[in-house]
Amino acid sequence: MIRCIAIDDEPLALQQLASYVKKVSYLELAGTCQSAIEARKLLEKEQIDAIFIDINMPDLNGLDFVRSLDNPPLVVFTTAYSEYAVDGFKANAIDYLLKPFDLSEFKRAAEKVKTQFELLNASQVSQVDEDDAMFLKSEYKVVRVNIKDIRYIEAMSEYLRIYTTTLARPVIVLLSMKKMEERLPAVQFMRIHRSYIINLKKIREVSKNHVMIDADTSLPIGDIYKETFNAYIASKFLAR
């Protein structure tokens with residue numbers, strides 16, 4: 001599923017946009033926002049793959065909002081003004097919908113989002129090889145990462161930050177958490193939060209709501225992941 005949000009300051013337009021999203025089987029509506037400021041807060045809390053955003057909005061217009069994002073999701077602009085089209089594509093938009101648009105036009109834009117999403121998620125990481133390593137496309141180069149060296153993985157919008165014991169900086173890759181989970185060995189890695197996957201062999205300490213990784217990194221345990229994580233910890237207790 002492609003998690004997306006709809007952004008428009010006009011309530012009726014936002015309602016229609018949201019209804020279109022719900023009619024596309026591979027799109028999941030994670031939220032609706034009536035301003036760029038509201039959308040920014042949602043992006044900070046949730047992992048979002050795509051946004052459908054109006055350009056003409058008060059306070060901060062859609063173009064400026066997208067340009068302000070460090071790692072923007074896939075973007076489709078919606079507007080009643082055709083003169084914004086060139087600027088929209090300069091902002092690396094996947095598509096541009098001119099209001100009023102119907103469901104068939106929206107579905108064509110959604111298909112472009114789906115195609116780009118699948119390309120990005122299929123090409124950014126290799127399979128784990130026989131040496132227990134993977135190759136990641138990061139910042140215009142390919143980086144080899146040994147599985148055993150991964151400390152934890154953090155989701156930032158549609159990007160992942162992969163922290164290792166051997167590299168001073170995290171490896172940043174355009175990839176979904178779901179795709180990364182599928183590539184990592186389940187016996188060694190576990191998702192403990194919507195934003196974190198940890199290497200179980202790197203756990204140093206566990207409290208009620210946090211896991212200490214190595215000596216200085218404390219990560220939260222999400223409510224929906226607690227039962228599975230606690231069961232794993234319980235299985236490792238030394239019986240009397």
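This section describes aromatic pairing and the surroundings of one threonine in a predicted model. Local features were considered at pLDDT of at least 70 and side-chain atom pairs at pLDDT 80 or more, whereas totals for chains, interfaces and linings use all residues. Residues are numbered from 1 along each chain as its sequence is written, and side-chain values use heavy atoms, with hydrogens and water left out.

Five aromatic pairs are present in the structure; rings of Phe, Tyr and Trp (its six-membered ring) pair if their centres lie within 6.5 Å, and planes under 30 degrees apart count as stacked, over 60 as edge-to-face and the rest as tilted. One of them, between Tyr-20 and Phe-101, is tilted, with 6.1 Å centre to centre and 55° between the planes. Because Tyr-20 belongs to helix H1 (residues 11–22) and Phe-101 to the loop between strand S5 (95–98) and helix H5 (103–123), this pair ties together parts that are 81 residues apart in sequence. Helices (H or I, at least four residues) and strands (E, at least two) are DSSP runs, numbered from the N terminus. Both Tyr-20 and Phe-101 are buried, that is, under 20% relative accessible area, with exposed over 50% and partly exposed in between (1.4 Å probe, protein chains only). Tyr-20 and Phe-101 form one aromatic cluster with Phe-52 and Phe-106.

Thr-164 is located in strand S9 and, at 8% relative accessibility, counts as buried. Its side chain reaches the backbone nitrogen of Leu-167 at 3.0 Å, and a polar atom of that side chain lies 3.3 Å from the backbone nitrogen of Thr-166.

Note on methods
Polar contact = N/O pair within 3.5 Å; in protein donor to acceptor, adjacent residues only side chain to side chain.
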